[in-house]
Amino acid sequence: MADQLAIGSRRGLRPALPLLLPVYLWLTVAIFLPLSAMVFFSFMTDLPLAGKEWSFTLGNYTAFFSQSLYSKLLLASLRLGLEVTLWCVVIGYPAAYVLAKVLKGRSREAIFLLVILPFWSNGLVRIFSWAMVLREGGILDTALNAVLPFKINIDLMYSYPAVIIGLVHSYVPYMVLTCYLTLQAIDDSLIEAGRSLGATRRQVLWRVIIPLSMPGLIAGSALIFVPVVGSFMEPRILGGRTGTFYGTVIEDQFVAVFNWPLGAALSFILLAVVLIILALAAPVLRRAG
């Protein structure tokens, strides 16, 4: 029986091969080959450019464990990822609920358009826009001083809150979109049944809506946490000196110091840590989903 199923699955796969081949070819060329090259670089003493001598070494990986700065920056980046993900949940989940269950017609379309608007603009444009808003004498400072009867000084540039604001603005649409899809799939009759059985709005939220929409929360959290841990543009521009994180150090190795082997090693250590975290959380997330 098992052999017959295997033969049937192979026969069903053959017609799909022409459609799958371009995708796997693109993944091989655009993802696996560059990653393979970076793995190779991470074990080299120097780049084989302009006749430079090089050899294989583990020193790029041992540098992470011998210098406490890297581990401290990695922990700071993990904390940043958790905080940004939490804020995206706090902001994005209610917005997704309103879009899925409250608004109808053109009002929903208008709000949905505003949610996905950040996807239509360049990342650097968004970041420098926040720099104009958060700096001293910027838009926020000027607007508040024009309304309030007393003088205040709002200067959040080059601070940790500025980095959080910039990252949340960039990634909260992912949370809204994933949660919207799961909330939209929840049958309204389930909510009405809970209310008819005497449950309060809070009880319906915690016992019906949130458990059923948990797959969207999990997917959105993963889509946000993973790239935020390695982010460098927002911390670099909005954080200044306080925006030194693991991702900015990796960028420095590739761009400023031109130490690609060390940058590649630090990148794969970050990838390994993120994969370990996701693997450890997988059983809990699977039960929640």
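1. In which helix do R79 and E83 both lie, and how many residues apart are they? Both belong to helix 4, which covers residues 68-102, and they are four residues apart, about one turn of the helix. The model is predicted, and the values below are computed from it. In this model the side chains of R79 and E83 form a salt bridge, with an N to O distance of 2.8 Å. E83 is partly exposed, its relative accessible area being 23%.

2. The side chain of K101 meets that of D188 at 2.8 Å, N to O. This pair links distant parts of the chain, since K101 is in helix 4 and D188 is in helix 9 (residues 188-196), 87 residues apart. The accessibility of the two partners should be noted. K101 has 17% relative accessibility and therefore counts as buried, the cut-off being under 20%. D188, with a relative accessible area of 36%, is partly exposed.

3. A further salt bridge joins the side chains of D252 and R236, at 2.7 Å from N to O. D252 lies in helix 13 (residues 246-255) and R236 in helix 12 (residues 233-239), so the pair ties together parts that are 16 residues apart in sequence. Salt bridges with shared partners join R236, E251 and D252 into one network. D252 counts as partly exposed at 26% relative accessibility, and R236 counts as partly exposed at 36%. The count of salt bridges comes to four.

4. The next point concerns the surroundings of V228. This residue lies in helix 11, residues 214-229. V228 has 0% relative accessibility and so counts as buried. Apart from neighbours within four places in sequence, V228 is in contact with L80, G81, V84, L167 and Y171. The C-alpha atom of V228 is separated by 7.8 Å from that of S77, although the two residues are 151 residues apart along the chain.

5. One of the contacts of V228 is Y171, and a kink of about 40 degrees lies at Y171 in helix 8, shortly before the proline P173. Helix 8 spans residues 160-185 and has 26 residues. From its first C-alpha to its last, helix 8 reaches 37 Å, close to the 38 Å expected at 1.5 Å a residue.

6. Helix 3 (residues 59-66) can be described by its sides. N60, Y61, A63 and F64 are buried in this helix. These residues are on the same side of helix 3 because they cover an arc of only 150 degrees around the axis. F65 and S66, on the other side of helix 3, are exposed.

7. Y158 has a positive phi of about 60 degrees although it is not a glycine. Y158 is found in the loop between helix 7 (139-147) and helix 8, and is exposed, with a relative accessible area of 53%. F258, also a residue other than glycine, has a positive phi near 60 degrees. F258 is placed in the loop between helix 13 and helix 14 (260-288), and its relative accessible area of 43% makes it partly exposed.

Methods:
Residues are numbered from 1 along each chain as its sequence is written. This is a predicted model: local features need pLDDT of at least 70, side-chain atom pairs count only at pLDDT 80 or more; totals for chains, interfaces and linings use all residues. Side-chain values use heavy atoms; hydrogens and water are left out. Helices (H or I, at least four residues) and strands (E, at least two) are DSSP runs, numbered from the N terminus. Buried means under 20% relative accessible area, exposed over 50%, partly exposed in between (1.4 Å probe, protein chains only). Contact means heavy atoms within 4.5 Å. The expected span of a helix is 1.5 Å times one less than its number of residues. The bend at a residue is the angle between axes fitted to the seven residues ending there and the seven starting there. The arc is that of the directions from the helix axis to the C-beta atoms.
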